Amino acid sequence: IMDKSTEELIKKRIIGIFPKLATDKNFKLTSPINPNYNCLAWACHYNDRWMQPPSITPPPLDSVVYWPEDAKQGMEIECLIDAFRTKGYELCDSWEYEDKYQKVALYVKKDSKTWTHAARELRNGFWTSKLGQGYDIQHGTPFTIEGDSYGEVYCIMKRIFQ
């Protein structure tokens, strides 16, 4: 548990990277630093593995690498969409909360088809992201973490709650 001043300092640093969070009243830290999982794993409800194609640069330390067996491997956004399809997700038109559905947002750098990040919608309608090897955060929409680091939301996918 961290004190309020430490938490505020960390939040300021995160806002420095994701400026739109400055006006997101639902932004908060929700976990301590943990290098054992990344944003893709977190979006798939895992906190004990690093989800990425095995052909990509090795993850930190001795993390377990996971990629769905039947998914295409690569950094192209189509490969990430394919990986989430193996988990029951399908493309949808709206990021807004729908009862009975789980949603994920997949991100790409502007003018690129290379994926950078995945965020997951929570049951309360807010969103959660794992920031690299760092903190988990809650944010109000998938768009408040768009910017230079993760680029922009490329698509939203949903599946029936499991």
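Predicted model: local features only at pLDDT ≥ 70, side-chain atom pairs only at ≥ 80, totals over all residues.

Modeller: Residues are numbered from 1 along each chain as its sequence is written, and side-chain values use heavy atoms, with hydrogens and water left out.

Biologist: Why is strand β5 described as largely enclosed by the rest of the structure?

Modeller: Buried means under 20% relative accessible area (1.4 Å probe, protein chains only), and seven of the eight residues of β5, residues 101-108, are buried, so the strand is largely enclosed.

Biologist: What makes β5 and β9 a pair?

Modeller: Two strands, each a DSSP run of E with at least two residues, numbered from the N terminus, pair if DSSP finds at least two bridges between them; β5 and β9 (residues 152-160) have eight, in the antiparallel sense. β5 also pairs with β6 in the antiparallel sense, over five bridges. A105 has I156 as its bridge partner in β9 and A119 as its bridge partner in β6.

Biologist: Which residue takes a positive phi in the hairpin of β5 and β6?

Modeller: D111 does, with phi near 60°, in a hairpin that has six residues between the strands.

Biologist: Which element gives the largest share of the lining of the largest pocket?

Modeller: β6 does, with three residues.

Note on methods: Helix = DSSP H or I, 4+ residues; strand = E, 2+ residues; numbered from the N terminus. Buried < 20%, exposed > 50% of the residue type's maximum accessible area, 1.4 Å probe, protein only.
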